[in-house]
Amino acid sequence: MLRNSAPRRLPLWPVAAVLVAAAACVAQDADWAKLRARMVDEQIKARGIKDERVLQAMAKVPRHEFVPEKERADAYRDGALPIGHGQTISQPYIVALMTEAARPKPEHRVLEIGTGSGYQAAVLAELVKEVYTIELVPALADEAKERLKRLGYKNVHTKTGDGYKGWPDAAPFDAVVVTCGADHVPDPLFEQLKPGGVLVIPVGKSGEQSLLAITKDAKGGKTTRDLGPVRFVPFRRAGDGKGK
Ligand code: SAH
């Protein structure tokens, strides 16, 4: 007969450590959410962004997950931040302004040129049905793809390459959002808009651009609104030696 043995005591400290770590995560998430709410009030609403769905998306997307570790503490500050490879994630207000200008609706399909960190794509993904996004720098494209997957954004389709010619296989789009500064409006991007669709694009010569919202009417004509001066990293072309 087997001898009864006293139940073996499992050490409790690993369980406690996991619970403490989980509690710390929850507390930290709450801190990030507070910073986001402040960002929306002080930087975005205060400057006139009104679309309630856009404000909600900006309050939801964890911007700190889209910046390099060493920039995290500044993720909700009122400015652009470096994301490596000489590129930047735009100032939160500019992301909100461009998103509102794209007039996102739940049934929409939107193209973005310049995935960068994937943040603008994630904001759009909260608001529309499908997002298609193209990034020229392969390392950034790979990182953004991985990040968007990890964060559960299943409606974002990523591609590596020069976005100048758009994404013909997925066109037409309800909106196209370009997040790098171009010296002219690429024809293919306007062509890939549906009638009634809008192309949001910073256009200008070196350094400073005007943020334009160009609407396509039923006959294919253009109506352009200037949303003001902005500073974006340049729209580059594949083969100019800077795409790696
Ligand atoms: N939307 C990004 C910020 C983009 S910064 C975010 O939310 O983080 C602009 C990006 O455009 C850079 O990553 C740059 O590499 C990319 N880019 C520049 N020219 C491009 C082109 N022709 N096609 C696609 N991406 C381009």
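A residue is called buried when its relative accessible area is under 20%. By that cut-off, helix H3 is mostly covered in this predicted model. Of its 10 residues, 9 are buried. The buried members are Pro92, Tyr93, Ile94, Val95, Ala96, Leu97, Met98, Thr99 and Ala101. Helix H3 spans residues 92-101. Arg103 follows the helix, and its phi is positive, near 45°.

The largest nonpolar core holds 48 residues. Within this core, Ile49, Met58, Tyr119 and Val123 touch the most other members. Helix H3 supplies the largest share of the core, with 7 residues. A second core is separate and contains 22 residues. Among its members are Val176, Leu193, Leu199 and Ile201.

Neighbours within four places in sequence are left aside here. Met58 is then in contact with Arg36, Met39, Val40 and Ile44, among others. Its contacts also include Pro92, Val95 and Ala96, three of the buried residues of H3.

Ser90 is found in the loop between strand E2 (87-89) and H3. The relative accessible area of Ser90 is 17%, so this residue counts as buried. Residues up to four places away in sequence are again not counted. On that basis, Ser90 touches Arg63, Gly79, Ala80, Val95 and Phe232.

Charged side chains were examined next. Side chains of opposite charge can pair when their charged atoms come close. The structure holds 11 salt bridges. One of them joins the side chains of Lys45 and Asp41, at 3.6 Å from N to O. Both residues lie in helix H1 (residues 13-45). They are 4 residues apart, about one turn of the helix. An α-helix has 3.6 residues a turn, so residues three or four places apart point the same way. Lys45 is partly exposed, because its relative accessibility is 44%. Asp41 is partly exposed as well, at 42%.

The closest N and O atoms of Arg147 and Glu143 are 4.0 Å apart. The two partners differ in their cover. Arg147 is buried, with a relative accessible area of 14%, whereas Glu143 is partly exposed at 37%. Elsewhere, salt bridges that share partners join Glu65, Arg72 and Arg150 into one network.

The salt bridge between Asp78 and Arg47 links two loops. Its closest N and O atoms are 2.6 Å apart. Asp78 lies in the loop between helix H2 (52-60) and strand E1 (81-84). Arg47 lies in the loop between H1 and H2. The pair therefore ties together parts that are 31 residues apart in sequence. Asp78 is partly exposed, with a relative accessible area of 38%. Arg47 is also partly exposed, at 38% relative accessibility.

Arg38 is another residue of helix H1. Its relative accessibility is 51%, so Arg38 counts as exposed. Arg38 and Val178 are 140 residues apart in sequence. In space, their C-alpha atoms are 27 Å apart.

The ligand is surrounded by 26 residues. The closest are Ser117, Glu135, Asp162, Gly163 and Arg236. Polar pairs involve nitrogen atoms of the ligand. A ligand nitrogen is 2.9 Å from an N or O atom in the side chain of Glu112. For Leu136, a polar backbone atom lies 3.2 Å from a ligand nitrogen. For Arg236, a polar backbone atom lies 2.5 Å from a ligand nitrogen. Taken alone, the ligand exposes 580 Å², and the protein buries 99% of that area.

Key. Residues numbered from 1 in each chain as written. Predicted model: local features only at pLDDT ≥ 70, side-chain atom pairs only at ≥ 80, totals over all residues. Heavy atoms only, no water. Core = buried A, V, L, I, M, F, W, Y, C linked by side-chain atoms within 4.5 Å. Buried < 20%, exposed > 50% of the residue type's maximum accessible area, 1.4 Å probe, protein only. Contact = heavy atoms within 4.5 Å. Near = heavy atom within 4 Å. Polar contact = N/O pair within 3.5 Å; in protein donor to acceptor, adjacent residues only side chain to side chain. Areas by Shrake-Rupley, 256 points an atom, 1.4 Å probe, with all protein chains shown as cover.
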